[in-house]
Amino acid sequence: MIGGAIRERRLPVVRRADDHGFGELLTRLAAYLPEEDLEGIVEAHDFAAKAHEGQNRRSGEPYISHPIAVAQILAGLNLDAGSIKAALLHDVLEDTPATLAEIKARFGDDVALLVDGVSKLDQLRFDSAAEAQAESFRKMLLAMVQDLRVILVKLADRTHNMRTIGALPREKQRRIARETLEIYAPIANRLGIYSLKVELEDLGFKTLYPFRYRVLERALRRARGTQRQPLRRIESRFEDELAANGIKARVTGREKHLYSIYKKMQRKHAHLSEIVDVFGIRIVVPDVDSCYRVLGLAHQLYKPMPGRFKDYIAIPRVNGYQSLHTTLFGPNGVPLEVQIRTDEMDKVAERGVAAHWQYKAVDKHTYSTEERAREWLAGLMEMQHSANSEEFLEAVKVDLFPDKVYVFTPKGDIMRLPRGATAVDFAYAVHTDVGNRCVAAKIDRRLVPLKTPLGNGQTVEIITARGARPNPNWVNFVATAKARNAIRAYLKNLRRDEARELGRRLLSQALRPYSISLRRLPKARVAALLHELGLEDMGTLYEQLGLGERLAPVVAGMLAQHDGDDTELAQKRKPLEIAGTEGLVVTYARCCYPIPGDEIIGFMSSGRGIVIHRTTCGNLAEYRKQPSKWIPVNWKNNVEGEFLSEIQVRTLDRVGLLAEVAGKISATHTNIDHVRVDTEGDSSVLLFRLKVKDRKQLAHVLRSIRTIPGVVRVTRGTG
Ligand code: MN
């Protein structure tokens, strides 16, 4: 039934007699939303109705009845127009050809974001039975949403699905009910939305344990029947007393919900009658002062039970709930539980965080959702003047503004990582060996670079390879200490092994002019040397030689009992062969970029091992001052790997030339590592850093670039 006023002035849309509850929804919305908002809501409804046209729910009803019912639940919380539109549209992305772009174009970014958020949550499925996993899953859900309204829509969606769950097969019913009790009801509770929490719990309980539910329901109905008269008398006694004391108050009988009774029986091992045979009333007053005055009156009317008074006004619950609780000895000794609170507290108790997304006539546009969440937090903080406020705030913050991401392993376990964590962090979190041997990662079954930051709800799979090792660059992007330390430790060990190998080669090369073989050195000579150097063993010596901390010719001279390292001897030394597989202890200078085929020379750099330069490098003059640090090197015949090389391309400034040059380079199957463009007047210099195997490949690249019109000169950089 559409409200008369709305139909006449606002809604030209002609509706069939059965509009699946939309008219009723509009009537309810018209009570608190301004008219201009209703138009957009009608539009969202029409869009959804058209998208779902021809689809039916399992119960046989047209599909559109579901989103309308979800919107109706949110209207019950007085939520804003954006939430209502999102509720109407929440299933169109999943189940119809409608796209996010369409929704964005027609209903704006705000609504699109909400619909997208709900759709993403729908893709998560909770299967685990473990308690800890349920906790993580709840946090994952909260972490996934940018806007808490997404959760509100999702909770309403789940509530309606639970109401209509009877149409599903039994097994599915049980799974959904369990998920509702373990995930969604606790979230509703966490956010303080009592009405949804209660309904989700009772529906979940009813579905999962139909027999226990029936027994309890019957017992509760019977108890309520016998309690009605005495409860009425208690209420009026309170009303009279409050009026006599000039306190304005609303007194109502309070009903317990089945699931909380069930939980209490389990928790306290109590018999049904102990929990059901209790009176409950709630007294709502205008201000906090009155709460405490009412408490005093209550304790005069009936004797309080010791140890049962709780002041949740001074110390609110984590979800913001505030109230005074006390239990009295009621008529005939039946316990009487009393809750006392203000109107404002009552609203928060029913609606929790949802109260902050309710439509507000003033200031509507100055509130961003983030601000509203913060406002809620600030409100909680203000209430919380007690000693444990910091802890309390931490608990709320962690849930609402999480600094963690939650991802799934391929087996469905949930892993918690700091925000910004990458696939490599994930690999090390699984196991150090997995991290050390990881070569690739899949997120939601798609291959991604290892440095990809992880997002909530993603499934991450790590691909490892035997013999793979960590890349030193990983240290630059990993977010966890565990990954960083493991990579460093691995590299340190690796570097030590590589340094020892290189050091041994350097020493044997340096001994050659003396015709001394390292393998045939007398033991006594070795011992004397180590003693003189103050070292434990040859391994340490090799390591120091390999890292350039000690010079091989000097040590060789000591072994040969020959002073100094004269040029004659140096010339007799056979060059050390560079194979490209030396690892971390041999590096290629970034000034001249040597590549196989170039004439090269090695420089022992303390702590870094050998740095290879081209003999034409401009920096050599500087290093010439330390001749003892130079070692002759040359390339091995078949050098492995790719080497960086730099080329300069001087061109006329012509549109598209850069792309053309880059294209030519790619056509030679050469990878470009980096490009820089310097423009001077009407000419440009393109600086390419390439990855090549050797001089032959580089020559091929240079030749092919020279043929491009507009290219003036191509040279190899010399640093
Ligand atoms: Mn739905």
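Strands β3 and β4 (residues 324-329) run antiparallel and are joined by two bridges, strands being DSSP runs of E of at least two residues and helices runs of H or I of at least four, numbered from the N terminus. Within this pairing, Lys 310 has His 325 of β4 as its bridge partner. The structure is a predicted model, in which local features need pLDDT of at least 70 and side-chain atom pairs count only at pLDDT 80 or more, whereas totals for chains, interfaces and linings use all residues. Residues are numbered from 1 along each chain as its sequence is written, and side-chain values use heavy atoms, with hydrogens and water left out.

The two strands belong to an open sheet of five strands with mixed pairing, ordered β1-β2-β5-β4-β3; two strands pair if DSSP finds at least two bridges between them. At the edges, β1 (250-253) and β3 (310-311) each pair on one side only. Helix α12 packs on the sheet, where it touches β1, β2 (279-285), β4 and β5 (335-342), and its direction makes about 30° with that of β2. Helix α15 (residues 288-301) also packs on the sheet, touching β2, β3, β4 and β5, with its direction at about 10° to that of β4. Axes are lines fitted to C-alpha atoms, for helices over the stretch in contact, and angles run from 0 to 180 degrees between N-to-C directions.

Helix α11 (residues 194-208) is largely enclosed by the rest of the structure, because 11 of its 15 residues are buried (under 20% relative accessible area, with exposed over 50% and partly exposed in between; 1.4 Å probe, protein chains only). The buried residues of α11 pack against α4 (65-75), α9, α10 (170-190), α12 (210-244) and α13 (258-268), contact meaning heavy atoms within 4.5 Å.

The manganese ion is coordinated by His 66 (NE2), His 90 (NE2), Asp 91 (OD) and Asp 157 (OD) at 2.1 to 2.3 Å. Donors are N, O and S atoms within 2.8 Å of the metal (3.2 Å for Na, K and Ca); water is not among the atoms, so sites may look incomplete. Along the chain, the donors follow the spacing H-x23-H-D-x65-D. The pair His 90, in the loop between α5 (81-89) and α6 (92-95), and Asp 157, in helix α9 (residues 148-163), links distant parts of the chain, 67 residues apart. His 90 counts as buried because its relative accessibility is 0%, and Asp 157 likewise counts as buried, at 4%.
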